[in-house]
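Here is a note for a colleague who is opening this structure for the first time. Please keep the view at hand while reading.

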Amino acid sequence: MSKLIAIVGRPNVGKSTLFNRLTQTRRAIVDDTAGTTRDRQYGKVDWNGQEFSIVDTGGWVVNSDDVFEDEINKQVKIAIDEADVILFVVDATTGVTDLDDKVASILRRSKKPVIVVVNKEDVGNARFNEAEFYSLGLGDPIGISSANGSGTGELLDEIVKDMPQKEEDEAPEENVAKFAIVGRPNAGKSSLINAFIGEERHIVTDIAGTTRDSIYHRYNKFGFDFYLVDTAGIRKKQKVNEDIEYYSVIRSIRAIEASDVCILMIDATRGIEGQDANIFGLIQRNRKGLVVCVNKWDLVEDKSLTAQKRYETAIRSKFAPFTDFPIIFTSALTKQRIFKVLETAIEVYNNRRRIIPTSQLNTYMLEQIQITPPPSNKGKFVKIKYVTMLKDAVIPTFIFFCNLPQWVKEPYRRFLENKIREHWDFHGTPIAIFMRDK
């Protein structure tokens with residue numbers, strides 16, 4: 001399971017710009033106005049083969065006119081509590097400020113590994129102010145420019161170096177499926193877990209974990225055998241003072257990364273909301289199998305097949321372009337179709353591990369390619385000669401060997417993926433397609 005990195009600091013020091021730079025995206029809104037970031041952003045970073053999750057936070061402020069000040073500060077504290085490594089971003093052009101001192105005081109008390117990131121060193125002579133940030137008492141500062149990328153390689157090296165290593169007993173090593181039940185608050189996650197476990201708690205075995213990390217429960221009943229990946233935030237029904245929506249996504253990151261298949265809970269009485277799409281995005285970026293569970297179906301007035309079809313269409317439209325996943329309408333309270341959820345999750349897990357013999361793959365796919373060849377580009381024709389499937393990949397991965405791999409564009413890759421899905425059952429699992437020179 002990869003680790004979680006939090007970017008914190010006062011407003012307008014370049015946290016969102018750094019997030020975009022490290023994730024190689026433009027998802028975080030960047031503006032010169034302080035306090036632009038309110039909704040949290042989550043991403044994945046891959047550096048020298050080591051992958052980790054990263055979260056952007058709002059700027060820490062006190063006594064401001066922002067009505068969201070308290071909520072932003074709460075979310076920053078949650079990110080600090082949850083993170084394995086913290087990037088404390090400061091501004092080289094202004095030097096150390098009172099707010100920097102306040103944030104540094106919080107970080108020192110957190111006892112977490114902290115990297116002081118001195119941003120905007122490319123502005124004038126700002127790089128000469130770097131030594132001033134030793135006064136924060138958080139170790140050697142690293143000077144960067146998140147705007148043009150200078151120094152970010154050294155920063156990533158430092159992140160990977162300081163990242164805590166995986167505990168030997170952090171997760172079960174045996175080859176048993178791991179399912180995570182995720183979703184926004186009040187979607188019925190705890191109810192579903194209780195419905196699975198019931199009163200016979202002898203079927204549950206705690207394997208490892210802390211209140212901060214994922215917990216594994218062994219479920220071996222009714223012919224099933226898998227680990228249920230739960231987190232403290234989901235498992236314990238204790239009152240929390242933090243922003244619950246944000247807290248849920250932070251916990252979901254942990255659970256998703258530790259699983260093979262994610263069971264995404266959607267509240268049928270509330271419909272599909274932005275938080276559902278956020279968690280779906282986390283599942284996709286982590287390349288996990290997916291089962292969508294529309295819970296509380298017993299509370300919906302119109303339970304007809306037509307209503308189900310409309311709901312399914314809305315979900316697949318919201319989650320497009322990946323639409324090849326099962327959707328099950330359940331009630332954790334009445335236990336309606338809950339074991340269908342387990343059966344389907346096992347099927348998705350098996351699909352995720354499916355291996356297609358090379359001979360079968362070539363016989364079918366080369367015929368389809370001959371019927372619908374790749375479009376020509378500038379008078380050049382792509383000729384795909386051979387296809388194989390990697391045996392030990394994280395997700396089903398197919399390699400197509402051709403003479404001009406650079407000319408095979410995304411629409412044709414989707415065509416190849418659709419043909420694979422039509423002929424073989426990869427329902428619920430993402431697949432990867434690569435073009436290589438023959």
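1. Basis. This is a predicted model, in which local features need pLDDT of at least 70 and side-chain atom pairs count only at pLDDT 80 or more, while totals for chains, interfaces and linings use all residues. Residues are numbered from 1 along each chain as its sequence is written, and side-chain values use heavy atoms, with hydrogens and water left out.

2. Salt bridges. The count comes to 13. A salt bridge here is a side-chain nitrogen of Lys or Arg within 4 Å of a carboxyl oxygen of Asp or Glu.

3. A network. Lys 44, Glu 51, Glu 257 and Arg 287 are linked by salt bridges. Within this group, Glu 51 pairs with Lys 44, with the closest N and O atoms 3.9 Å apart. Lys 44 is buried, at 14% relative accessible area. Glu 51 is partly exposed, at 29%. Buried means under 20% relative accessible area, exposed over 50%, and partly exposed in between (1.4 Å probe, protein chains only).

4. Lys 161 and Glu 158 form a salt bridge at 3.3 Å, N to O. Both lie in helix H4 (residues 152-162), three residues apart, about one turn of the helix. Helices (H or I, at least four residues) and strands (E, at least two) are DSSP runs, numbered from the N terminus. Lys 161 is exposed, at 56%; Glu 158 is partly exposed, at 23%.

5. A pair across the chain. Arg 421 meets Asp 324 in a salt bridge, the closest N and O atoms being 2.9 Å apart. The pair links distant parts of the chain, 97 residues apart. Arg 421 sits in helix H12 (residues 410-423), and Asp 324 in the loop between helix H9 (305-319) and strand S12 (327-329). Arg 421 is buried, at 14%. Asp 324 is partly exposed, at 21%.

6. The sheet. Three strands form an open sheet in the order S13-S14-S15, with mixed pairing. Strands S13 (384-389) and S15 (432-437) stand at the edges, each with a single partner strand, so one side of each lacks a neighbour in the sheet. Two strands pair if DSSP finds at least two bridges between them. S13 and S14 (residues 397-402) pair in the antiparallel sense over five bridges. The partner of Thr 388 in S14 is Ile 399.

7. Helices on the sheet. Helix H11 (residues 358-371) packs on the sheet and touches S13 and S14. Contact means heavy atoms within 4.5 Å. H12 also packs there, touching S13, S14 and S15.

Conventions:
Axes are lines fitted to C-alpha atoms, for helices over the stretch in contact, and angles run from 0 to 180 degrees between N-to-C directions.
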